[in-house]
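Subject: Structure handover

Hello,

Please find the structure below. My notes on it come after.

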Amino acid sequence: MAFPVQRPRRLRRTPVLRKMVRETDLSPSDFIYPLFVCPGRGVRTEIQAMPGCYRLSVDETVAEGQELLTLGVPAAILFGLPPSKDAEGSGAWAEDGIVQQAVRALKKSVPDLFVITDLCLCEYTDHGHCGRVDGGEVLNDPTLELLARTAVAQARAGADLIAPSDMMDGRVAAIRKALDGGGFSHLPILSYAAKYASAFYGPFREAADSAPQFGDRRAYQMDPANAREAMREVALDIEEGADIVMVKPAMPCLDIVRRVRDAFDVPLAAYQVSGEYSMIVAAARNGWVNRNLVIMESLTAIRRAGADLVLTYFAKEASRLLKAG
Ligand code: PBG
């Protein structure tokens, strides 16, 4: 029975009714805010390609953590800018490494903030790749040991959740084993399970100073043309012990978010990455799109596709918008 009996517009007439029948909700508690921690004190340097995002020293990171809780955002994910880099990325697992310092400070001063540590070597290696390099190749198995060491260092500092983003095969199993062996069997792992070799990470590489010095990441991150492969990556990571899985980037991969949501029963995160953020900011600055509306629509679309959690540089702004109604 169709028109004129069926009139979908009936349910769209008033804001109250639209809200009552809305299928997807958005709340500050869905958001995870990425933070870039750098050395120094009182440092708050805006990232050129990501207006409104900053590299923050540890003290400023703490201030940011407090603000997140005030806004209702429960969690932050930390990225580190070490004072120096080397071939192996030893700053990643140093006891007093930059992320470890930030975790300790946050857990001390803002204990209610849920602190996630991104686990990767590319911010710490002088060649900018996510693992050990030999003869122009990123080595898989020899990298696992470094990742495992880093996970334990982050756990010792007090991280609440470890989030490996390197895309080495077997890293979740290696990290799980190391955490269990170190007395951290209670600590969950959020794996960047389906992480594509995406050009949308461009601005992040300025933010984290992590651009590869030769080649690209296509020999370890996924080909954006592949969807079935994402299912295999997710299945493997869950088998290896991932508690939460992630799809990244978000908007270019909404189909992947949906497929993973439908096929697996673990919590699912999606990362609205730097390029997604910067494109919206740039278009809005030019007056080409409405900033607030596009932010909310993009986040709603990611949730509608099936993400439980959204990592987004708009976490604070979107929470303010939600509060304002
Ligand atoms: C580290 C890492 C990257 C991002 C998150 N973790 C960069 C990369 O893989 O090149 C990208 C995040 C963003 O673009 O916002 N491997």
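The notes start with the ligand site, then go through some individual residues and the backbone.

Please keep in mind that this is a predicted model.

Ligand site

The ligand sits in the largest cavity. There are 18 residues around the ligand, and those that come nearest are Lys195, Arg205, Lys248, Ser274 and Tyr313. For Tyr313, an N or O atom of the side chain is 2.6 Å from a ligand oxygen. Lys195 places a polar side-chain atom 2.7 Å from an oxygen atom of the ligand, and for a polar side-chain atom of Gln221 the distance to a ligand oxygen is 2.8 Å. On its own the ligand would expose 400 Å², and the protein buries 100% of that area.

Helix α11 and Lys316

Helix α11 covers residues 315-324, and Lys316 is part of it. Is Lys316 buried or exposed? Lys316 counts as buried because its relative accessibility is 12%, under the 20% cut-off. Its side chain makes a polar contact with the side chain of Glu64, at 2.5 Å. Beyond its neighbours within four places in sequence, Lys316 is in contact with Tyr33, Glu64, Glu67, Leu68 and Leu71. The buried residues of α11 are Ala315, Lys316, Glu317, Ala318 and Ser319. Their cover includes β1 (31-37), α2, α10 (291-305) and β12 (309-312). After α11 comes Gly325, with a positive phi near 80°.

Strand β11 and Ala269

Ala269 belongs to strand β11, residues 268-272. With a relative accessible area of 0%, Ala269 is buried. Apart from neighbours within four places in sequence, Ala269 is in contact with Ile244, Val245, Met246, Val247, Leu309 and Leu311.

The loop at Pro74

Pro74 is in the loop between α2 (58-71) and β4 (75-80). Pro74 is classed as partly exposed because its relative accessible area is 31%, which lies between the 20% and 50% limits. Not counting residues up to four places away in sequence, Pro74 touches Pro28, Ser29, Phe31, Leu69, Asp112, Leu113 and Phe114.

Backbone points to check

Most residues other than glycine have a negative phi, and most peptide bonds are trans. The following entries are listed for that reason.

- Phe3 and Pro4 are joined by a cis peptide bond, with omega about 10°. Pro4 is in the segment before α1 (15-20).
- The peptide bond from Lys248 to Pro249 is also cis, with omega near 0°. Pro249 is in the loop between β10 (244-248) and α8 (254-263), and Lys248 is among the residues that come nearest to the ligand.
- Met167, in the loop between β8 (161-164) and α5 (171-181), has a positive phi near 70°. Met167 counts as buried at 4% relative accessibility.
- Asp209 has a positive phi near 50° and is in the loop between α6 (202-207) and α7 (228-240). Asp209 is partly exposed, at 44% relative accessible area.

Regards

Terms used. Residues numbered from 1 in each chain as written. Heavy atoms only, no water. Helix = DSSP H or I, 4+ residues; strand = E, 2+ residues; numbered from the N terminus. Buried < 20%, exposed > 50% of the residue type's maximum accessible area, 1.4 Å probe, protein only. Contact = heavy atoms within 4.5 Å. Near = heavy atom within 4 Å. Polar contact = N/O pair within 3.5 Å; in protein donor to acceptor, adjacent residues only side chain to side chain. Areas by Shrake-Rupley, 256 points an atom, 1.4 Å probe, with all protein chains shown as cover. 1 Å grid on protein atoms, 1.4 Å probe; cavity = no way out; pocket = protein on both sides within 12 Å on 5 of 7 lines; lining within 4 Å. Sits in = over half its atoms within 2 Å of the grid points.
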